[in-house]
Amino acid sequence: MHQHAHTVTWDSEPPGASVENIPASSNSSRAVGFTVAGSYEYHCAIHAVMTASLLVQ
Ligand SMILES: [Cu+2]
């Protein structure tokens with residue numbers, strides 16, 4: 001089986017938020033609590049084309 005490692009590396013977070021980056025890992029899950037509303041942008045540090053945003057309301 002072939003597993004790819006990825007990261008969650010934040011590019012921007014709402015003022016007051018400080019969610020930690022998630023280091024390279026594969027086939028894993030993580031529970032993250034978001035307590036500050038707003039838009040969070042992130043990418044994978046290994047694969048620059050992997051970008052996403054997350055809206056906390
Ligand atoms: Cu990746």
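Predicted model: local features only at pLDDT ≥ 70, side-chain atom pairs only at ≥ 80, totals over all residues.
Trainee: In what order do the 4 strands form the open sheet?

Mentor: Let's build it from the pairs. Strand β1, residues 6-12, pairs with β2 in the antiparallel sense over 2 bridges. β1 is also joined to β3, again antiparallel, by 3 bridges. With β4 included, the open sheet has the order β2-β1-β3-β4.

Trainee: Which strands stand at the edges of the sheet, and why is one side of each left without a neighbour?

Mentor: The order to look at is β2-β1-β3-β4, with antiparallel pairing. Each edge strand has a single partner strand, so one side of it has no neighbour in the sheet. The strands at the edges are β2 and β4 (51-56).

Trainee: By how many degrees are neighbouring strands of this sheet turned against each other on average?

Mentor: Here direction is ignored, and the value is an average over neighbouring strands of the sheet. Turned against each other in that sense, they come to 30°.

Trainee: Which residue is the bridge partner of V8 in β2?

Mentor: Good one to check on the structure. On the β3 side, T9 stands opposite H43, and S12 stands opposite E41. Turning to β2, the partner of V8 is I22.

Trainee: What is the phi of N27, and is that residue buried or exposed?

Mentor: N27 lies in the loop between β2 (22-25) and β3 (38-43). Its phi is positive, about 50°, although N27 is not a glycine. N27 has 8 of them, so N27 is exposed.

Trainee: How many other C-beta atoms lie within 10 Å of S28, and what separates the C-alpha atoms of S28 and A5?

Mentor: S28 also has its place in the loop between β2 and β3. S28 and A5 are 23 residues apart along the chain, and their C-alpha atoms are separated by 9.3 Å.

Trainee: Which residues is A37 in contact with, leaving aside its neighbours within four places in sequence?

Mentor: A37 is found in the loop between β2 and β3, and it counts as exposed because it has 11 C-beta neighbours inside 10 Å. A37 and Q57 are 20 residues apart along the chain, with 5.1 Å between their C-alpha atoms. Beyond its sequence neighbours, A37 is in contact with P14, V56 and Q57.

Trainee: What percentage of the residues in the protein chain is buried?

Mentor: Let's finish with the whole chain. Its C-alpha atoms fill a box of roughly 40 × 25 × 15 Å along the principal axes. Of the contacts with a separation of 6 or more, 36% are between residues 24 or more positions apart. Among the 57 residues of the chain, the buried share is 4%.

How values were computed
Residues numbered from 1 in each chain as written. Buried ≥ 20, exposed ≤ 12 C-beta atoms within 10 Å, placed from the backbone. Contact = placed C-beta atoms within 7 Å. Pairing = 2+ DSSP bridges. Axes fitted to C-alpha atoms, helices over the stretch in contact; angles between N-to-C directions.
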